[in-house]
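Okay, everyone, thanks for coming. Let me put the model up on the screen, and then we'll walk through a few spots together.

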Amino acid sequence: VQIVESGGGLVQPGGSLRLSCRASESMFDRHAVRWYRQFPEKLRDWVASITKGGTATYEDSVKDRFTISRDKTTVFLQMDRLTPEDTAEYFCFVPDWGAWGQGTQVTVTS
């Protein structure tokens with residue numbers, strides 16, 4: 001199975017980005033999905049999760065700014081009011097498959 005993230009880029013503080021996560025397998029919507037992020041020289045930190053039923057949970061530092069959602073084929077991470085501290089590589093993970101994407105870089109700078 002392949003997981004592919006997209007949507008990263010360069011944005012100014014206070015700006016927004018929307019990340020997308022897609023899978024090569026069908027029935028993606030029947031599995032929980034998580035977003036993680038990795039700061040340079042650090043381990044990956046959990047950011048947000050969504051169940052197959054659409055229930056979302058968030059790490060405390062993002063819960064008022066990020067929104068995870070999904071449709072049949074894609075899981076989204078809407079990131080608003082970004083700060084330089086959100087600069088990281090963002091990864092999508094499907095626990096049922098043990099599968100990670102390759103990551104997408106988010107850089108927040110003025």
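So, to start us off: is Y36 buried or exposed? Y36 comes out as buried, because its relative accessibility is 13%. For the cut-offs, buried is under 20% relative accessible area, exposed is over 50%, and partly exposed is in between, with a 1.4 Å probe and protein chains only.

Quick housekeeping. This is a predicted model, so local features need pLDDT of at least 70 and side-chain atom pairs count only at pLDDT 80 or more, while totals for chains, interfaces and linings use all residues. Residues are numbered from 1 along each chain as its sequence is written, and side-chain values use heavy atoms, with hydrogens and water left out.

Back to Y36, and on to the aromatics. Searching the whole structure turns up five aromatic pairs. One of them is Y36 with F93: the ring centres are 6.1 Å apart and the planes sit at 80°, so we call that edge-to-face. Y36 is in strand β4 and F93 in strand β9, so this pair ties together parts that are 57 residues apart in sequence. The rule here is that rings of Phe, Tyr and Trp (its six-membered ring) pair if their centres lie within 6.5 Å; planes under 30 degrees apart are stacked, over 60 edge-to-face, and the rest tilted. Strands, by the way, are DSSP runs of E with at least two residues, numbered from the N terminus. F93 counts as buried, again because its relative accessibility is 13%. And there's a cluster: ring pairs link Y36, F91, F93 and W100.

F91 has another neighbour to look at. The charged end of R44 sits over the F91 ring, 3.6 Å from its centre. Elsewhere, R70 lies over the face of F28, at 5.7 Å from the ring centre. For both, the test is NZ of Lys or CZ of Arg within 6 Å of the ring centre and within 35 degrees of the ring normal.

Next, salt bridges. How many does the structure hold? Four, where a salt bridge means a side-chain nitrogen of Lys or Arg within 4 Å of a carboxyl oxygen of Asp or Glu.

R37 and D86 meet through their side chains in a salt bridge, 2.9 Å from N to O. R37 lies in strand β4 and D86 in the loop between β8 and β9, so they tie together parts that are 49 residues apart in sequence. D86 also has a salt bridge to R65, at 2.7 Å, N to O. R65 is in the loop between β6 (56–58) and β7, so this second pair ties together parts that are 21 residues apart in sequence. Put together, R37, R65 and D86 are linked in a salt-bridge network. And are these residues buried or exposed? R37 and D86 are both buried, and R65 is buried too.

Compare D29 and K72, whose closest N and O atoms are 3.4 Å apart in their salt bridge. D29 is in the loop between β3 and β4 and K72 in the loop between β7 (66–70) and β8, so the pair ties together parts that are 43 residues apart in sequence. D29 is partly exposed because its relative accessibility is 23%, and K72 is exposed, at 60%.

Now the sheet pairing. Strands count as paired if DSSP finds at least two bridges between them. β1 (residues 3–6) and β3 (residues 17–23) pair antiparallel over four bridges, with V4 bridging to R22 in β3. β3 and β8 also run antiparallel, joined by six bridges; there, L17 has M79 as its partner in β8.

With a relative accessible area of 41%, R22 is partly exposed. Leaving out residues up to four places away in sequence, R22 touches Q2, I3, V4, S6, F28, T73 and T74, contact meaning heavy atoms within 4.5 Å.

Most residues other than glycine have a negative phi. E41, though, has phi near 60°, in the loop between β4 (33–38) and β5 (44–50). E41 is exposed, at 83% relative accessibility. R81 has a positive phi too, about 50°, and lies in the loop between β8 (74–79) and β9 (88–94). R81 is partly exposed, at 47%.

That's my tour, thanks!
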